[in-house]
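I opened a new structure today and kept notes as I went. The entries below are in the order I looked things up.

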Amino acid sequence: LNTFSGQVPRTGNNYLGFYTTNNENFNTREYVRGQLSEPLLIGSTYNIEFYVCLGQYSDVGMNNIGLVFINNTTPLFETIFEIPIQPHVNYSGSPITDKNNWTLMSFQYTPTTPNLDAFIIGNFFSTQDTDFEVVAPNFINQSYFLIDDVLVNRINPAFNIPLEICQGDFLELPDISIDGITGTWSSPANNQETTTYIFTPQGSDLLPFVITVVVKPRLVPEFDEFGPFCGQMPEFTDLPTISNNGVEGTWNPTFIPTQTETY
């Protein structure tokens, strides 16, 4: 219980409260930040849920309640205004004005970047880009929300498959996910060209796993012709260590300019 709310938690003994703005013309913000039990897996789809309720003594409801995933080493954002980052998911429907019931915020998200093991919840948009609805006008003129029961859980299989390989590199599409889900792939592994693969779980309500593996063509070094020299000493005494197209490397065996050899 606090100055801005008198409701009881949805479950358990506590909830969190945070300013989404304290005035329709002012951008004051507070945010909820938490750490996940494990990093998100690239390519896996996650279900995101949390419940919000307008504080009992708030007189303005609003939308734009969103969530962004971050790495937990990200420093705190030292600002009283909106954090200047784009949320990964966001509620942009009608302003939430219910003070008697908890409203479910439900989203799905598939990460494309690694090491996301924390989250921030709040209003990441300016006051001008947020919709408001006055509930009971008084001198407070604020939006203060309660939040409870934050859940982030994976809803499809997980794999440790690289997103990018070089042409010809080893590529395996395992028939069993790292969490023990069996299934089939839409096509066999192809280490020659970029391909999108779909893994369909067997006997499960889990969603398919979709991943695109980018195959980068290998760069073959290019050199000018060496010889023949007709028994004469060539104009150079060593082979170039950088090719015409910029590949740096070494030669084997050691260059002998007076005899035929394969290098």
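My notes cover the ground rules, the sheets, the cores and a few single residues.

**Ground rules.** This is a predicted model, where local features need pLDDT of at least 70, side-chain atom pairs count only at pLDDT 80 or more, and totals for chains, interfaces and linings use all residues. Residues are numbered from 1 along each chain as its sequence is written, and side-chain values use heavy atoms, with hydrogens and water left out.

**First sheet.** I looked up the strands, which are DSSP runs (E, at least two residues) numbered from the N terminus. Two strands pair if DSSP finds at least two bridges between them. I found an open sheet of four strands, ordered S1-S10-S3-S7, with antiparallel pairing. S1 (16–21) and S7 sit at its edges, each pairing on one side only. On average, neighbouring strands here are turned by 35 degrees against each other, direction ignored. For such angles, axes are lines fitted to C-alpha atoms, and values run from 0 to 180 degrees between N-to-C directions.

S3 and S7 run antiparallel and are joined by seven bridges. Valine 52 has threonine 103 in S7 as its bridge partner.

**Threonine 103.** I followed that partner. Threonine 103 is partly exposed, with a relative accessible area of 25%. The scale calls a residue buried under 20%, exposed over 50% and partly exposed in between (1.4 Å probe, protein chains only). Contact means heavy atoms within 4.5 Å. Leaving aside neighbours within four places in sequence, threonine 103 is in contact with Phe50, Tyr51, Val52, Ile96 and Asp98.

I found another open sheet of four strands, in the order S11-S14-S13-S12, with mixed pairing. Its edge strands are S11 (164–166) and S12 (183–185). Neighbouring strands here are turned by 25 degrees on average, direction ignored. Five bridges pair S13 (residues 195–201) with S14 (residues 209–216) in the antiparallel sense. Phenylalanine 199 has its bridge partner in S14, phenylalanine 209.

**Cores.** A nonpolar core is a set of buried Ala, Val, Leu, Ile, Met, Phe, Trp, Tyr and Cys residues joined through side-chain atoms within 4.5 Å. The largest one has 23 residues, and Ile48, Phe50, Val52, Leu67, Phe69, Ile121 and Phe145 touch the most other members. S3 (46–54), S5 (65–70), S7 (103–109), S8 (118–122) and S10 (143–154) each supply at least two residues of this core. S3 gives the most, with five. I looked at phenylalanine 69 and found, among the residues it touches, Leu36, His88, Tyr109 and Val152. Apart from this core lies another, of 13 residues, including Trp185, Phe209, Val213 and Val215.

**Serine 58.** I found serine 58 in the loop between S3 and S4 (60–62). Is serine 58 buried or exposed? Serine 58 is buried, with a relative accessible area of 1%. Its side chain reaches the backbone nitrogen of tyrosine 144 at 3.0 Å. That is a polar contact (N or O atoms within 3.5 Å; within protein, one able to donate a hydrogen and the other to accept it; residues adjacent in sequence count only if both atoms are side-chain atoms).

**Cysteines.** How many disulfides are there? The count is zero, a disulfide being a pair of cysteine sulfur atoms within 2.5 Å. Cysteine 53 is buried at 1% relative accessible area, whereas cysteine 166 is partly exposed at 26%.
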